[in-house]
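Good morning, and thank you for coming. I would like to lead you through one part of a structure, step by step. Please look at the display as I speak.

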Amino acid sequence: MAVRRVWAERLGVSPAVFAQAEPVFIVRPGLTAAVVVRLEKTVVVAAPELALSALRSLAPRHLLDVGALLTALEPLAPSLFGVATLAFADRGTIVPARSDAVRMASDAEVAAVMSACSTEERDESGLLAMDRRWTTWADGVEPAAAAGYEVWGGGLAHIGVATAPAFRGKGFGAQAAAAAALHAIGDGLVAQWRCRARNRASARLGESLGFVRLGEQIAVDLAACVADVTPEAR
């Protein structure tokens, strides 16, 4: 399964760990974060040994409790990077959206959408680093939303989407995101929708397009005790 394989590669473990019912603790000496990933029923914790020794004593349910994680890691001066939900779509789940207003995007068109969004929204979308992107247009004259994807491990298409504030709630983001997801799935990839847990609007959009939630990710920065977190852990 592509989802298990790619996430296993990112965490530095064997895909077989995602068949286990009990939590799996992976020592990552070079990592300056504690990263907890749940896929279906399996929880994997990747961190340096100093952090793992504090987390192994937690009950399995508390490994997904941010408060419990921060308390256990308190001697290491933890700082929460964030909590994200993980949802996926394939040919059997994706819901096509109206596409007559969607077209391949230029850098300038994506920049026009992103310039209207907040810094946090731009960062979460990841669109500026993606090279496969689409835009939807309001009345055919102004880009209202942009979406794209980045290929992870040759198996997942990590979807990013952003809608200019003036055009939200009108379906433009859904159209762009559906175009990106359908293109990715047509190329044999599984589409991934990862969004901050508190971003309910993004989660609802993913659900409306047929993305099925299978897990979550929590990342806690330990750089104060141990240098900057690696990109894979974010």
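I begin with a definition: a residue is called buried under 20% relative accessible area, exposed over 50%, and partly exposed in between, with a 1.4 Å probe and protein chains only. Helices (H or I, at least four residues) and strands (E, at least two) are DSSP runs, numbered from the N terminus. The model is predicted: local features need pLDDT of at least 70, side-chain atom pairs count only at pLDDT 80 or more, and totals for chains, interfaces and linings use all residues. Residues are numbered from 1 along each chain as its sequence is written, and side-chain values use heavy atoms, with hydrogens and water left out.

Let us turn to helix 6, residues 172-186. Helix 6 is mostly covered, with 12 of its 15 residues buried; among them are Phe 172, Gln 175 and Ile 185. The expected span of a helix is 1.5 Å times one less than its number of residues. For helix 6 that gives 21 Å, and the end C-alpha atoms are 21 Å apart, so the two agree. Just after helix 6, Gly 188 has a positive phi of about 85°.

Next comes helix 7, residues 200-208, where Ser 202, Ala 203, Leu 205 and Gly 206 are buried. These residues lie on the same side of helix 7, because they cover an arc of only 160° around the axis; the arc is that of the directions from the helix axis to the C-beta atoms. The buried residues of helix 7 pack against strand 8 (156-163), helix 6 and strand 9 (190-196).

Which residues does Ala 203 contact, leaving aside neighbours within four places in sequence? They are Trp 193 and Cys 195, where contact means heavy atoms within 4.5 Å. Ala 203 has a relative accessible area of 11%.

Finally, the nonpolar core: a set of buried Ala, Val, Leu, Ile, Met, Phe, Trp, Tyr and Cys residues joined through side-chain atoms within 4.5 Å. The largest one has 26 residues, and those with the most contacts inside it include Ala 191 and Trp 193. Helix 6 gives the largest share of this core, nine residues. Apart from it lies another core, of 22 residues, among them Val 6 and Trp 152. As for Ala 191, residues up to four places away in sequence not being counted, it touches several residues, including Phe 88, Ile 159, Ala 181 and Phe 211.
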